[in-house]
Amino acid sequence: MQFGRHAPAQRVIVHISDTHLLAGNRPLGGRYDTAGNLTATLAAVERTGIRPDAIVFTGDLTDLGEPDAYAALRAEVEPFAARLGAPVVWVAGNHDERPALREGLLDAAPSSEPVTGVWDLGGLRLVALDSTVPGWHHGDLDAAQLDWLRGVLATPAPLGTILALHHPPLPSHIPFFDILELQHQDELAAAIAGSDVRAILAGHLHYSTSGTFHGIPVSVASATCYTMNLQRPPQEVNGMDAGQSFQLVHVYDDTITHAVVPVGEAETADVFSAEWTRRMAALSPAERLEAFSRKR
């Protein structure tokens, strides 16, 4: 149904990040139930009723790269994705280990090569990059991966391209995150200049934020495991077991939106419904304005 100037979104993506699972569901940092928080996140996604075109996890899938942790993640996510009828896109993060990720999630031979991929979502191209640096926590994209990206982008996609990587090409007001930032950002900018890239999805920061990278919108999803308590001064920001969220990415013909969806359940008012929407749909645009916009 179209009530405003925009037709319904052409494509929808669920964007989730930083699950940080541990083998045996050991509490992360001795305090965070990462598996329980992931289960709650996936349940919240299902409550939206969305049937997305893809489900993208932007890295730090496990905390230590343990094979059993990847197996647990796959066992939780794949049935969920099957119910939604959507492919899963796994993006590597700095806490992941490339060989175990490839073997545990992709059924591929263990290898230290970057974990990259391209998905055609009905004309919308989704490109997964690997910004991890084996043995380190900061991010980077080497010349070979950027050359590969140039080749992918050489031919435009009908609905454009979205990039997904772990380390966002954005500043953070939290000092320690800038130590672990994505390096060689100028080279990334040169690789995508003049291309059909419309948005960049990322994680890493454990809080939701957004900005632009050389004119391209960048959206960072919060973490499912734990988030950052930004109510503290920047130099004292630490993790908290609250505020988890995911994002709904709606791709329209001329824009892309990124809605932050809290995971926690709360009592909700009962005002709007499918029946209300059907009644509005039966009215003309002028009648809808009269029925709903005019102040009484």
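Me: At what angle do the axes of helix H1 and helix H2 cross?

Reply: This is a predicted model, with residues numbered from 1 along each chain as its sequence is written; local features need pLDDT of at least 70 and side-chain atom pairs pLDDT 80 or more, while totals for chains, interfaces and linings use all residues. Side-chain values use heavy atoms, without hydrogens and water. Helices (H or I, at least four residues) and strands (E, at least two) are DSSP runs, numbered from the N terminus. Axes are lines fitted to C-alpha atoms, for helices over the stretch in contact, and angles run from 0 to 180 degrees between N-to-C directions. Here H1 (residues 34–47) and H2 (residues 67–84) cross at roughly 5°, and their axes come within 11 Å.

Me: Are H1 and H2 roughly parallel or oblique to each other?

Reply: Under 35 degrees counts as roughly parallel, over 145 as roughly antiparallel, 65 to 115 as roughly perpendicular, the rest as oblique. H1 and H2 are therefore roughly parallel. Contact means heavy atoms within 4.5 Å. Leu-38, Leu-42 and Val-45 of H1 are among the contact residues, and H2 supplies others, including Leu-73, Val-77 and Phe-80. The contact of H1 with H2 has seven nonpolar, one polar and three charged residues. Nonpolar means Ala, Val, Leu, Ile, Met, Phe, Trp, Tyr, Cys and Pro; charged means Asp, Glu, Lys and Arg; the others, Gly among them, are polar.

Me: How far apart are the axes of H7 and H8?

Reply: The axes of H7 (residues 274–281) and H8 (residues 285–293) lie 9 Å apart, at an angle of about 135°. That pair is therefore oblique. Trp-276, Met-280 and Ala-281 in H7 meet Arg-288, Ala-291 and Phe-292 in H8. Five of these contact residues are nonpolar, none polar and one charged.

Me: What is the volume of the largest cavity?

Reply: In a cavity, on a 1 Å grid over the protein atoms alone, a 1.4 Å probe fits but cannot get out; a pocket is an open set with protein on both sides within 12 Å along at least five of seven lines, and lining residues have an atom within 4 Å of a point. A volume is the space filled by probe spheres set on the points, which are joined across faces, edges and corners. The largest cavity has about 40 Å³. Its lining includes Phe-177, Asp-178 and His-204, with four nonpolar, two polar and two charged residues by class.

Me: Which residues are closest to the centre of the largest pocket?

Reply: The largest pocket holds about 190 Å³. Asn-94, Asp-96, Glu-97, Pro-134 and Gly-135 are closest to its centre, out of 16 lining residues. The lining has five nonpolar, seven polar and four charged residues.
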